[in-house]
Amino acid sequence: CAYSNGQVVASFNYTGGVQGFTTPCNGTYKLEVWGAQGGSNGNNVGGYGGYAYGNRYLSKGSALYVIVGGRGNNSTAGGYNGGGAAGSWQGVYGGSGGGATHIATTNRGVLVNYNGYRSEVIIVAGGGGGGTIPFGDNYSGRGGAGGGTTGGTGGGTDGATGGTQSSGGYGKNNQYVGSFGKGSSSLYRNGAGGGWYGGGGAHGNNSSGGGGGSGYLGGVSGGSMSNGSRSGNGYAQIVLVSAS
């Protein structure tokens with residue numbers, strides 16, 4: 001093998017598309033993914049993306065497909081790979097949700113396309129929820145952090161909940177519910193983070209953040225996940241643990 005144990009063999013920044021990788025040798029690889037941050041609005045910062053890692057044995061020449069999530073913004077467009085779109089109130093947009101980052105064994109594009117092919121997804125890091133429109137309390141409506149087993153709840157009195165391992169998050173009165181691979185959009189407020197299950201879109205009080213998307217470990221061993229680990233766009237890397 002041309003690589004040493006512990007060496008990073010591939011890294012992936014945000015491109016807005018699918019990135020392929022072919023393993024250079026037989027061995028155990030550590031797969032690491034970070035979700036993208038939700039869009040921010042004034043002091044109400046979008047939730048940071050989640051982190052997930054795990055090991056997987058792969059034969060030389062095995063193909064993997066990586067999508068890195070895009071950061072949310074202050075417009076109708078959600079972050080690439082499942083971020084929910086934001087709405088506007090009195091002409092001011094909220095923050096849209098950040099996109100998830102995932103690695104799969106097949107190339108089906110964004111995560112939502114794997115709804116009927118979930119066994120092909122190896123690992124996911126959730127994106128963060130969008131920060132609120134800056135009316136009223138200008139600090140409480142921060143976006144929920146990306147997951148993690150469960151995405152974080154948005155700040156504020158009506159902050160939306162994060163996605164879980166089996167269901168999407170939701171806003172006030174169970175409105176704006178997330179789904180597999182996609183955070184909910186919001187008509188007037190903040191979008192939610194994408195993830196294994198996306199967060200809920202903010203609804204109700206102006207100072208309410210969108211929920212974060214959840215992460216997922218499905219095809220790795222010795223893995224772990226955490227919330228709120230990355231600002232900006234997502235990221236991924238693959239490390240050779242041990243060649244064989």
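Cysteine 1 has a relative accessibility of 57%, so cysteine 1 counts as exposed. Here exposed stands for over 50% relative accessible area, buried for under 20%, and partly exposed for anything in between, using a 1.4 Å probe and protein chains only. Keep in mind that this is a predicted model, in which local features need pLDDT of at least 70 and side-chain atom pairs count only at pLDDT 80 or more, while totals for chains, interfaces and linings use all residues. Residues are numbered from 1 along each chain as its sequence is written, and side-chain values use heavy atoms, with hydrogens and water left out.

- Cysteine 1 forms a disulfide with cysteine 25, and their sulfur atoms are 2.2 Å apart.
- This pair links distant parts of the chain, 24 residues apart: cysteine 1 is in the segment before β1, and cysteine 25 is in the loop between β2 and β3.
- A disulfide is counted when two cysteine sulfur atoms lie within 2.5 Å, and by this rule the count comes to 1 disulfide.
- Cysteine 25 counts as buried because its relative accessibility is 6%.

- Two strands pair if DSSP finds at least two bridges between them.
- Strands of a sheet pair through backbone hydrogen bonds, either parallel or antiparallel.
- In what order do the 5 strands of this open sheet lie? The order is β1-β12-β3-β4-β11, with antiparallel pairing.
- β1 and β11 (221-230) are the edge strands, each pairing on one side only.
- Neighbouring strands here are turned by 15° against each other on average, direction ignored; the axes are lines fitted to C-alpha atoms (for helices, over the stretch in contact), and angles run from 0 to 180 degrees between N-to-C directions.
- β1 pairs with β12 over 4 bridges in the antiparallel sense, and phenylalanine 12 stands opposite alanine 236 in β12.
- β3 pairs with β12 over 8 antiparallel bridges, where valine 33 has alanine 236 as its bridge partner.
- β3 also pairs with β4 over 8 antiparallel bridges, and lysine 30 has asparagine 55 of β4 as its bridge partner.
- Of the 8 residues of β3, 6 are buried, so β3 is largely enclosed by the rest of the structure.

**The sheet from β2 to β10**

- Another open sheet has 5 strands in the order β2-β5-β8-β9-β10, with antiparallel pairing.
- Its edge strands, β2 (18-22) and β10 (216-217), each pair on one side only.
- β5 and β8 (residues 101-104) run antiparallel and are joined by 3 bridges, with valine 66 opposite isoleucine 103 in β8.
- β8 and β9 run antiparallel with 4 bridges between them, and alanine 104 has valine 121 of β9 as its bridge partner.
- β9 and β10 run antiparallel with 2 bridges, and valine 124 stands opposite tyrosine 216 in β10.
- β9 is mostly covered, with 5 of its 5 residues buried.

**Nonpolar cores**

- In soluble globular proteins, nonpolar side chains tend to be buried together.
- A nonpolar core is a set of buried Ala, Val, Leu, Ile, Met, Phe, Trp, Tyr and Cys residues joined through side-chain atoms within 4.5 Å.
- Which residues have the most contacts inside the largest nonpolar core? They are Phe12, Tyr29, Leu64, Ile103 and Ile238, in a core of 20 residues.
- Strands that each supply at least two residues of this core include β1 (8-12), β3 (27-34) and β12 (235-243).
- A second, separate core has 10 residues, among them Ala100, Ala104, Leu111 and Val121.

**Two loop residues**

- Glycine 83 sits in the loop between β5 and β6 (88-89), and at 8% relative accessibility it counts as buried.
- Glycine 83 and glycine 183 are 100 residues apart in sequence, yet 5.3 Å apart in space, C-alpha to C-alpha.
- Serine 62 lies in the loop between β4 and β5, and its side chain reaches the backbone oxygen of serine 59 at 2.7 Å.

Conventions
A polar contact is a pair of N or O atoms within 3.5 Å; within protein, one must be able to donate a hydrogen and the other to accept it, and residues adjacent in sequence count only if both atoms are side-chain atoms.
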